[in-house]
Amino acid sequence: MSKSLVIKGGTVINRKSQEVSDVKIENDCVIEVGKNLKGDIQLDASGCFVSSGFVDLHAHLREPGKEEAETIETGSRAGALGGYTALVAMPNTDPPQDSVAVVDFVREQGKRAGLVDVVPSGCITLGRQGESLAPMAELAHAGVTFFTDDGNGVQDAALMRRALEYAKGLGVTLAQHCEVAELTKGAVMNECSCCTDLGLPGWPAIAEELMVFRDIELVRITGASMHFLHLSTKRSVELVRAAKRDGLPITAEVTPHHLSLTQELLASYDPVFKVNPPLRSIEDIQALKVGLLDGTIDAIATDHAPHPRRDKEMSLDLAPPGMLGLETALGVVLAEGACEIRDVVALMSWNPAKIARIDNRHGCDVIAGTKANLCVFDPQLTWSVVPERLASKSINTPYIGRTLRGRVRHTIFQGTTTVIDGQAQK
Amino acid sequence: MKHLRSIDELGLSGLMGLLQLTDHMAEINQRPVPKVPALRGRTVASLFFEDSTRTRLSFETAAKRLSADTMTFNVSTSSVNKGESLRDTVATITDMGVDAFVVRHKSVGIPWQISKWTSASIINAGDGAHQHPTQALVDCYTIREATHAQSFAGMKVAIVGDIKHSRVARSNIQAFTLLGASVVLVAPPTLLPPDVSHWPVSVSHKLDEVIGTVDVLYMLRLQSERMAQGHVPTLREYSEQYGLTQKRVLALKSDAIVMHPGPMNRGVEMQIDPSDVKNSLIHRQVANGVSVRMAVLFELLGSGSSLGGQA
């Protein structure tokens, strides 16, 4: 008989309720939610919210291929500390996740680490080269539910149309990294007055928006569903809003950094602020926040992109784009104060679980009988980031020196505590 | 002053101070033996990751005239080609005992990145399309020398050519406007940055409409790869619209001066031999390069005693 665990005194957030309750867990399930529950192990949650564990639609875990930057184990630990119980692993590994063998390897490494549910995405095209379709049916049969060439957008409109048509019969989600590559050659930062001053090649907003527009129209004619990764511009939000008004099966995510950091940070010449799509203007941030509130944006996803120190010490033009996100996401989102706690849980857990098609085990209401994938977080605790103390193998966080608000206290994955009082348990 | 990385960081008083100090250096350069012991015992390392003739030579000459020791880091024979990181290279040279790095690199921001990794002073000798502050100092000094003007108020300067990719333009726009000049940028829209509305300049796409109104005509080099990148259809078309021809020289005001940072592309932006232009200052720009760089080195590394109390 396994030991029971009770989370005491937190405010349990569900879709239709929000009240102070204890949560009792046995094996890997929630068995009771109520008052004055007792168990073998008790975790204090007073002053905290108890919700379904967070689901990240966008994590680069770097394994296989770039274990110097991150491994599935270190990335999983970073995720657990950030309150995540599921991470969708991006496919731009080496080799890429375009075969059952690689996808199985990623999933198995996730199980071995045992800290979060590692959900491997599959490539849309072979090798993410944008030339021919990856074996999507075979991958779907092996359990892949989320396909993307992230890091690259699928440039060929005819191929993207085929991918959407093909995906329709498979019950999977296609996700696009929106970037018309011809418009962003050599680009380092947003095309703006700051890039004019710095003499850096600009990444214009229209390079994203053209592909958002193209894919909305492809969804319109194919009827397939589509998810937009890391939207970053005002006009992209407007396009998606209009598409949703037309009833198209489209979802969209935004990253914590595109909600909190602006293009002007590049004037520090620090490649830690180089990211793709680039940091944009304050007007874009405001539009993204409006999109969060009115339902245009469905999810907050980290685009967690670890890079080893030596890579981020290269010049701005050569340094790879990307920044850490898993351990700071909640603290950044709450510090921005863009939405209510309930919306945060929807954006970080309920909606992404549905988009990734893992809502049978993640993003469920905290009620008796559901899988015990839970997050307990203190919404008021302020803290600052010490890069060396992050669990990620890399330290490329852009939040050094900033005060974040809200921190994960406990994380429960499949009934097991992976984080207690902010400390990873393995 | 610890570093010279951009005109913006230098500011108006820093700029004026260096121009005054350059007068002292020009005087030294007039002497039969143009050498002083001001920087004896100091070491200046040149880190040039991009080709350069005049900038590198004028820095090295300047350092030697101030009796500094010089070290030249030649990229083609260096450990960089063996995969050494820039940080390691800088740390290694710092360990040898260096007081200043003179840095040229194709990438924007390298001088700022390097200054985090060394205690030495950093002099930006050109970073990507961003800044080339000593060229701007040379150009301001050269205009001042020719016009005897302390301030550039009321002066109109046209900068003509590939503004978009030019670090010389970015530094000079800041320097000329700091000193009070009005600046007009003359270029096809494809060779301008996407948005210059926040710069204190006006913009024209027609050289012929501007040329008769300016006091200084500053021509930029057009690199031939701009054609391959589709910024201009052909060099010939560019040169017809924006090149300096005999006819355009005649359209200049009689006392207008002509400048070029070099190296010139004869037959492209310079369709005429500069020696045929009455008020060309192109040779003065090169000559003043040494004095200006002496002033910069002395300002950053000098103790203050050997040059009449300047520090």
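1. By class, the 50 residues that line the largest pocket divide into 14 nonpolar, 20 polar and 16 charged residues. The model is a predicted one, and every value in this note should be read with that in mind.

2. The largest pocket holds about 1600 Å³ of space. Among its lining residues, those that lie nearest its centre are B:Gly128, B:Ala129, B:His165, B:Gln223 and B:Arg226. The elements that give two or more residues to this lining are α5 (193-198) of chain A and, from chain B, α2 (54-65), α6 (167-178) and α8 (225-228). The largest share comes from α6(B), which supplies 3 residues.

3. The largest cavity has a volume of about 40 Å³, and its lining is made up of A:His304, A:Leu324, A:Gly325, A:Leu326, A:Glu327, A:Thr328, A:Leu390, A:Ser392 and A:Thr397. Sorted by class, that lining has 3 nonpolar, 5 polar and 1 charged residues.

4. How is A:Val272 placed, buried or exposed? A:Val272 belongs to the loop between α8 (256-260) and α9 (282-293) of chain A, and A:Val272 counts as buried because its relative accessible area is 11%, where the cut-off for buried is under 20%. Leaving aside neighbours within four places in sequence, A:Val272 is in contact with A:Lys312, A:Gly322, A:Met323, A:Asn396, A:Thr397 and A:Pro398. The C-alpha atom of A:Val272 is separated by 9.7 Å from that of A:Arg309, a residue 37 residues apart from A:Val272 along the chain.

5. The last point concerns a pair of helices in chain A. The axes of α6 (residues 205-222) and α7 (residues 234-245) of chain A come within 9 Å and cross at roughly 10°. Because angles under 35 degrees count as roughly parallel, α6(A) and α7(A) are described as roughly parallel to each other. On the side of α6(A), the residues that meet the other helix are A:Glu208, A:Glu209, A:Val212, A:Phe213 and A:Ile216, while α7(A) brings A:Arg235, A:Ser236, A:Leu239, A:Val240 and A:Ala243. By class, the contact of α6(A) with α7(A) has 6 nonpolar, 1 polar and 3 charged residues.

Technical notes: Residues are numbered from 1 along each chain as its sequence is written. Chains are lettered from A and ligands numbered from 1 in the order in which they are written. This is a predicted model: local features need pLDDT of at least 70, side-chain atom pairs count only at pLDDT 80 or more; totals for chains, interfaces and linings use all residues. Side-chain values use heavy atoms; hydrogens and water are left out. On a 1 Å grid over the protein atoms alone, a cavity is a set of points where a 1.4 Å probe fits but cannot get out, and a pocket is an open set with protein on both sides within 12 Å along at least five of seven lines; lining residues have an atom within 4 Å of a point. Grid points are joined across faces, edges and corners, and a volume is the space filled by probe spheres set on the points. Ala, Val, Leu, Ile, Met, Phe, Trp, Tyr, Cys and Pro count as nonpolar, Asp, Glu, Lys and Arg as charged, and the others, Gly among them, as polar. Axes are lines fitted to C-alpha atoms, for helices over the stretch in contact, and angles run from 0 to 180 degrees between N-to-C directions. Helices (H or I, at least four residues) and strands (E, at least two) are DSSP runs, numbered from the N terminus. Angles under 35 degrees count as roughly parallel, over 145 as roughly antiparallel, 65 to 115 as roughly perpendicular and the rest as oblique. Contact means heavy atoms within 4.5 Å. Buried means under 20% relative accessible area, exposed over 50%, partly exposed in between (1.4 Å probe, protein chains only).
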